[in-house]
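Here are my notes on the model you sent. Please read them with the structure open.

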Amino acid sequence: MSAESDVMVVAGILALLYRITPTVVGEGPEGTATRNYVAEDREGRRWFVKAYPRGTDVEQERQALALGEAARAAGVPVPAVRRTVSGEVVASAGGLSVSVTEYVAGAETAAVPAPSEPLGYTGRREPAQSAAPFLPPHPRGDAPGAAAAREAMVARLEESGELRPGPVREALLALPRQVLMPQAYVRRSAPDETPPHWELLDWTRPGDRDELLERLHSGDSVAIQHDGEPILSRTTGSRRGGAMTAMSSTMGLTADLLQLLNLRAGQRVLDIGTGAGVTAAVACFVCGDAGVVTLDIDPHVTAAARERLSALGYQPTAVTGDGTAGWPDAGPYDRVFVSFAVRRVPTALVEQLAPGGRALMTLGTSSPSWPGLAVIDKRADGTVEAELRAVEFGHRAGAGFDRLFLSASFRKAITTADGWTQRSRLAPPADTAHGMWLALDALYPGLVRHFGAEGLAIGAPECGSWMRVRAAGHRRWDVTTCGPRDIWAEIQDAAARWRAAGEPAAYRLHLDTDDVQRAASRNGALTWQVPDTPGDAR
């Protein structure tokens, strides 16, 4: 854990578990086996905080602190121990265990310097009010099994490279997902079986807990709403047909984007597409809940998130409305996060971004296969710089944004049906050439990739065209096509233009004053207009 993230966790522990509202937390003298801090509260009192590393025998520390209390009661001039609100002398949260004593001149802590140069955390002195709860309380139901599941999930994300040390990691370790998602759907039918069969798991039913914990911490997306139903006080059981209308995104995607936002204490955050409230909870944990607004189009999703975030001790502004319009009443925002795909960057969200602010959103087309990530930064002078990055994964389409898909019968045709086959020495573009595939989707819209097929297989559902490419020896490929579109020729054209542009992985995104949005390579050799409606972007 970094020193900066440690400071944030210490500040949260003090505010939540000790009811000390820190205005400054600074590094103290180096300990033999501890990292030490000095905190000053809003009344001007100073506190000496010891943070123990993982593996420390905290029971031994408890005994030592208890002996110190006894010595003080007997008149020995040692600092007074500050106990937590539950009476403990050692508190553990966010991956740290700490003890707190008063700062007393002439005692052992007298050599500690004043925290005139705080590291990473400076509390707001005005107005004098309680600090936001950086760490959640330990709600009922946060069983040891849940904590272990979170640790395992975080470990997998770290191993895959999707999560790094920092405040987002600490938030994911601390936030009990079963409080945010006490119910979740699991599919009991095969992927192509119709109508689909779903079962709603419930944390209050002991028989569901193991499966629910596994589902919530698998890293996969989690379905939380069926056909727009009310979420609070719904009945458990099976559902047939219909569709899932609210999800919690995959943890790898969420963690990666939250880290890219570079959240910091005190920032104002607009979270668009509330879902289960995971992003809002992380923003509250890192930034403090006073400046967080979470917005969803569905009032049932908003109501559920408001109640469950409150159970964690957080009170962000939870509202219902059109996400593309933002929420100007609480703006401007230092960070804007959109958790569903949009066709183009909503102008309102750029307008509500504060100078020095950043907004992130998935920019998508009718195809789900090749998403782009729009990264919008507003400079201190108010000018906007935007980039469209080709990425492997993106968010699902938002409300009213229909996307193409390959039916089971079409997928079978692509992989097994006869067509016109030619032997080619031109290699198909690499799967990792994300910038090329993003350009293909823009220049030749309407294509969907069959990722489960051998080799490269792509279909155009609207006209029934398809193409498959399979290796046929050393630097030889068999290309089979069918239908009115020559998809192989379209791919080769897009690849040639991409190579001429310098094989970019990202494109400049121009947000012109006339509401025209264009993506362009830095050398200008490859460019396209971002359409407002489905259609050819050329």
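1. Start with helix H12 (residues 434-443) and helix H13 (residues 487-500), which pack with their axes 9 Å apart and at an angle of about 120°. Axes are lines fitted to C-alpha atoms over the stretch in contact, and angles run from 0 to 180 degrees between N-to-C directions. Helices here are DSSP runs, H or I, of at least four residues, and strands are E runs of at least two, numbered from the N terminus.

2. This is a predicted model: local features need pLDDT of at least 70, side-chain atom pairs count only at pLDDT 80 or more, and totals for chains, interfaces and linings use all residues. Residues are numbered from 1 along each chain as its sequence is written, and side-chain values use heavy atoms, leaving out hydrogens and water.

3. Which residues of H12 and H13 meet? H12 brings Gly-435, Met-436, Trp-437, Leu-440 and Leu-443; H13 brings Glu-490, Ile-491, Ala-494, Ala-495, Arg-497 and Trp-498. Contact means heavy atoms within 4.5 Å.

4. Now look at Met-181, in the loop between helix H5 (177-180) and strand E8 (183-187). Met-181 counts as buried, at 1% relative accessibility (buried means under 20% relative accessible area, with a 1.4 Å probe and protein chains only). Leaving aside residues up to four places away in sequence, Met-181 touches Leu-212, Leu-216, Val-222, Ile-224, Ser-248, Ala-276 and Val-278. Met-181 and Ser-248 are 67 residues apart in sequence, with C-alpha atoms 9.0 Å apart.

5. Overall, the chain has 13 helices and 27 strands. Of its 538 residues, 51% count as buried.

How values were computed: Buried means under 20% relative accessible area, exposed over 50%, partly exposed in between (1.4 Å probe, protein chains only).
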